[in-house]
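Trainee: I would like to learn how to read salt bridges and helix packing from a model. Can we work through one together?

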Amino acid sequence: MKRSIKIKPGFLLALLFPFVIGAVVMLALGYEPLDAYRELLKGAFVGNFNLGTTLEKFCPIFLTALAYCVTSKVRYFNMGVEGCFYLGALCSAGAGFLIQGLPWYVHIPVCFLCGVLAGALWAAIPGALRAYWNVNELCSALLLNYVAIHFANYMIAGPWSAKGASSQTVPIQESAALLRIMKPSRANVGLFMAVFLYAAVFWMFRRTKIGYRLRSTGSNPYFTDYIGVDTKRMVLLAAVLSGAIGGFAGAIQSLGVYGTIIDGFSNNTAFDGMLASLIASNSFAQLPAYSFLIAALKTGALGMERFTGVPKALIDTLIPMLILLLSMEGLFEPRSGRGRARKKLDGKRKEALR
């Protein structure tokens with residue numbers, strides 16, 4: 001039996017409404033909206049460089065969105081992916097220039113292993129505090145982000161500095177560099193590694209015993225404890241897995257995009273990933289589409305600003321507006337549909353009370 005995919009009108013309206021508001025603002029400022037949006041699309045998709053830059057931005061946003069989505073399944077609001085992203089990039093870059101004399105097929109996995117371990121261990125701190133001592137992860141993970149960022153900045157400007165005009169670490173060895181695709185952009189084979197990791201995590205949550213225990217912990221922790229599953233261990237496991245994914249994303253940035261680590265390289269990438277996950281309602285199936293949408297908007301905004309003069313900040317305001325309107329999707333549904341849904345819900349409540 002074939003299942004047809006139905007797109008709700010409210011969803012489409014919530015998706016398009018921010019761009020309508022953006023067009024109104026452009027008209028008020030004296031810009032032509034059609035020309036601006038045309039340059040937005042060209043800047044994101046036309047040519048190897050533009051499309052490659054979109055894919056370059058998509059990869060870390062996608063992986064950090066996946067990292068946030070993993071912890072959301074156990075009701076853990078992970079604000080610490082940015083710190084894992086920084087440390088993963090730093091440690092993989094360190095392994096990339098400190099370790100020498102290895103062939104590429106050994107050196108690259110070693111660098112990734114260092115980045116993944118750094119992210120996992122860093123995420124384990126707030127995860128353990130939340131699981132065993134009930135410390136609010138919003139505070140602990142968010143504060144640990146600043147520790148990780150400032151430590152990375154110290155290493156970039158201090159012991160691992162390249163001593164050049166710009167603040168960056170020593171460049172990695174050629175044996176640690178990821179192969180680039182779609183030149184002259186910086187898109188690289190890390191994109192395919194990200195897709196493979198996403199598929200593995202998706203499969204684990206849907207098809208394995210560990211995935212069932214993680215989902216059960218989030219949906220009903222009391223019942224999960226009752227049937228003999230250690231929910232505290234599951235929360236810690238989700239935090240560690242999320243940190244490992246964040247470290248993996250950082251490793252791709254250092255080995256594939258920059259070939260080094262520069263000061264302020266992240267530019268809040270992990271928070272963009274969190275926004276993508278929130279727009280997707282923490283659904284694994286929808287993560288790729290919304291991550292790609294945010295990456296395309298950010299890349300296209302540069303071209304729009306260059307050729308039309310419309311400030312890039314206008315596009316940056318569309319992303320939180322998307323989250324707000326998609327979370328209020330029901331407001332855009334036809335009144336008759338809302339009325340039927342309300343009647344159906346009232347009927348279920350009456351049956352439950354009988």
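Mentor: Start with E56, which is buried, with a relative accessible area of 10%. Keep in mind that this is a predicted model.

Trainee: Which residue does E56 form a salt bridge with?

Mentor: The partner is R186, and the closest N and O atoms are 3.1 Å apart. The pair links distant parts of the chain. E56 sits in helix 3 (residues 48-72), while R186 lies in the loop between helix 6 and helix 7 (190-207), 130 residues apart.

Trainee: Is R186 buried or partly exposed?

Mentor: R186 counts as partly exposed, at 32% relative accessibility. The cut-off for buried is under 20%.

Trainee: How many salt bridges does a search of the whole structure find?

Mentor: Six. One of them joins D35 and R38, at 2.6 Å from N to O.

Trainee: How far apart are D35 and R38 in helix 2?

Mentor: They are three residues apart in helix 2 (residues 33-45), so about one helical turn separates them. D35 is partly exposed, with a relative accessible area of 33%. R38 is also partly exposed, with 45%.

Trainee: What does D272 form a salt bridge with?

Mentor: K298, with the closest N and O atoms 3.6 Å apart. Here too, the pair links distant parts of the chain. D272 belongs to helix 11 (residues 269-279) and K298 to helix 12 (residues 287-308), 26 residues apart.

Trainee: Are D272 and K298 buried or exposed?

Mentor: Both D272 and K298 are buried.

Trainee: Now helix packing. How are two packed helices described?

Mentor: By the angle between their axes and the distance between the axes. Take helix 4 (residues 81-98) and helix 6 (residues 137-157). Their axes come within 7 Å and cross at roughly 25°.

Trainee: Are helix 4 and helix 6 roughly parallel or roughly antiparallel?

Mentor: Angles under 35 degrees count as roughly parallel. Helix 4 and helix 6 are therefore roughly parallel to each other. Their crossing is left-handed.

Trainee: Which residues in helix 4 meet helix 6?

Mentor: On the helix 4 side, V81, E82, G83, Y86, L87 and L90. They meet N145, A148, I149, F151, A152 and M155 in helix 6. By class, this contact has nine nonpolar, two polar and one charged residues.

How values were computed:
Residues are numbered from 1 along each chain as its sequence is written. This is a predicted model: local features need pLDDT of at least 70, side-chain atom pairs count only at pLDDT 80 or more; totals for chains, interfaces and linings use all residues. Side-chain values use heavy atoms; hydrogens and water are left out. Axes are lines fitted to C-alpha atoms, for helices over the stretch in contact, and angles run from 0 to 180 degrees between N-to-C directions. Helices (H or I, at least four residues) and strands (E, at least two) are DSSP runs, numbered from the N terminus. Angles under 35 degrees count as roughly parallel, over 145 as roughly antiparallel, 65 to 115 as roughly perpendicular and the rest as oblique. A crossing is left-handed if the near helix is turned anticlockwise from the far one by less than a right angle, and right-handed if clockwise. Contact means heavy atoms within 4.5 Å. Ala, Val, Leu, Ile, Met, Phe, Trp, Tyr, Cys and Pro count as nonpolar, Asp, Glu, Lys and Arg as charged, and the others, Gly among them, as polar. A salt bridge is a side-chain nitrogen of Lys or Arg within 4 Å of a carboxyl oxygen of Asp or Glu. Buried means under 20% relative accessible area, exposed over 50%, partly exposed in between (1.4 Å probe, protein chains only).
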